[in-house]
Amino acid sequence: MVIPYGRQHIDDEDVASVAEALRSDFLTQGTRVVRFEREVADYAGAAHAAAFNSATSALHAACMALGLKEGDTAWTSPNSFVASANCALYCGASVDFVDIDPKTYNMCPDKLEEKLKSAAVLPKIVIPVDFSGQSCDMRRIRALSEQYGFRVIEDASHAIGGSYGDRKIGSCEFSDICIFSFHPVKVITTGEGGMATTNDPVLARAMEAFRSHGITRDKDVMEKKDEGAWYYEQRSLGMNYRITDIQCALGSSQMRKLDRFVAQRHAAARRYDAALKDVAVTTPYQAEGRYSAYHLYVVQTERRDAVFAALKEKGVGVNVHYIPIHLQPYYRTRFGFKDGDFPESERYYRRAISLPLFPGLTEEKQDYVISSLKDAL
Ligand SMILES: Cc1ncc(COP(=O)(O)O)c(C=O)c1O
């Protein structure tokens, strides 16, 4: 038996919802995509939501909608999945990083400010990542964006169901666009899938067009307004990044359980906190005014490699989030990044282990993880 670090939670209601979509007239481009978009927008408190076949696609579309192009630079956190940085490269732009805060593991606003003050070239976009489901210091990042003139894409791939102050993550109160992922290890799932929320109708329309070849059927923006009902226009170059109705049927059904999933993740996190209080590991820090979606529960230990191997040996499916992006061979070779460039992210990486955390993790299994961790230490 292996206990994974994360996994989906699917019940009969999810199965029935997908079965209904499969028996309907539209497997894709039907009404379920629009319904799921509305549900996520309303939940997050944003005006618009555009669904995609992954968060990676949504990040790409967000960068394109904000006009990122060759000659521009985007900054993100080294402590993320490569998709948070790759999205800028797809647009022909360059990428740089801002090191993390050693307590929250999120982009450090002080370091962002320092880097902005001394930057020869300012970023066009900054992509803070709500690591493990805990919001970044978005108020400060927004204030810096106003001062220095960059746009903000909040990569909240880990964070649907979390809050920042009295607003849900995804409200875009302090960002231009916010991105969620629905990969099976995330808080809710559509198999593969992602969503971009925004309060700007122009950005929403641009992302929708990009997701479907750059095609529009909106007469208001067409060159020829009096052609027949068959008529559409391609007005820019886009991709096929569409999600299916089958996936959105699952998404809608998962949305109904989102708050319960997050509450279960919190309950399990509190059990870990209590059990590991007197153990030589650093448990996750929760900054004031944040309610994490708890996608991940990361502990830090000096003896990471040995503890990781011992837990794997015992069938505990631990993982490491994240290998700093700048240390990936592709980024080293292409941009010349090297060890020591972002020391907090590197130090954190050497000590980090993600323990199993998901709604179906029973107390019995969690106790096994805890005792295995204590033995390993
Ligand atoms: C922070 C972050 N951003 C983006 C992504 C990409 O998400 P997706 O797999 O939905 O493309 C992930 C996925 O793990 C992620 O963790």
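How many positive and negative side chains does the protein have, and how far apart do the centres of the two sets lie? There are 46 positive and 50 negative side chains, and the two centres are 2 Å apart. The structure described here is a predicted model. It contains 13 helices and 14 strands. Its radius of gyration is 21 Å, close to the 21 Å that the globule rule gives for 377 residues, so the protein is as compact as a globular protein of that length.

**Overall build**

- Along the principal axes, the C-alpha atoms of the protein fill a box of roughly 75 × 55 × 40 Å.
- Buried residues make up 55% of the 377 residues of the protein.
- Of the contacts between residues at least 6 apart in sequence, 71% join residues at least 24 apart.
- The protein exposes about 16,300 Å², and carbon and sulfur atoms supply 51% of that area.

- Strand β8 covers residues 177-181; five of its five residues are buried, so β8 is largely enclosed by the rest of the structure.
- Ile-177, Ile-179 and Ser-181 point one way from β8, while Cys-178 and Phe-180 point the other way.
- Strand β5 (residues 151-155) runs parallel to β8 and is joined to it by three bridges.
- Within this pairing, Ile-153 stands opposite Ile-177 of β8.
- β8 also pairs with strand β9 (residues 194-198), here in the antiparallel sense and over five bridges.
- Ser-181 has Gly-194 in β9 as its bridge partner.
- β9 has five of its five residues buried, so this strand too is largely enclosed by the rest of the structure.
- From β9, Gly-194, Ala-196 and Thr-198 point one way and Met-195 and Thr-197 the other way.
- Strand β1 (residues 48-52) is antiparallel to β9, with five bridges joining the two.
- Ala-50 stands opposite Ala-196 in β9.

**A three-stranded open sheet**

- Strands β7, β6 and β12 form an open sheet in the order β7-β6-β12, with antiparallel pairing.
- Its edge strands are β7 (167-168) and β12 (290-291), each of which pairs on one side only.
- Strand β6 (residues 163-164) pairs with β7 over two bridges in the antiparallel sense.
- Ser-163 has Lys-168 in β7 as its bridge partner.
- In general, strands of a sheet pair through backbone hydrogen bonds, either parallel or antiparallel.

**Gln-134, a buried loop residue**

- Gln-134 sits in the loop between β4 (125-127) and α6 (138-148).
- Its relative accessibility is 1%, so Gln-134 counts as buried, the limit for buried being under 20%.
- Beyond its neighbours within four places in sequence, Gln-134 is in contact with Thr-104, Asn-106, Tyr-285, Gln-286, Ala-287, Arg-290 and Ser-292.
- Gln-134 and Asn-106 are 28 residues apart along the chain, and their C-alpha atoms are separated by 8.3 Å.

**Helix α12**

- Helix α12 spans residues 343-351, and its buried residues are Ser-345, Glu-346, Tyr-348 and Arg-351.
- The elements that cover these buried residues include β13 (297-300), α10 (304-313) and β14 (352-355).
- An α-helix has 3.6 residues a turn, so residues three or four places apart point the same way.

Key:
Residues numbered from 1 in each chain as written. Predicted model: local features only at pLDDT ≥ 70, side-chain atom pairs only at ≥ 80, totals over all residues. Heavy atoms only, no water. Helix = DSSP H or I, 4+ residues; strand = E, 2+ residues; numbered from the N terminus. Rg over C-alpha atoms; globule rule 2.2 N^0.38 Å. Buried < 20%, exposed > 50% of the residue type's maximum accessible area, 1.4 Å probe, protein only. Contact = heavy atoms within 4.5 Å. Areas by Shrake-Rupley, 256 points an atom, 1.4 Å probe, with all protein chains shown as cover. Lys, Arg positive; Asp, Glu negative; His and termini not counted. Charge placed at Lys NZ, Arg CZ, Asp CG, Glu CD. Pairing = 2+ DSSP bridges.
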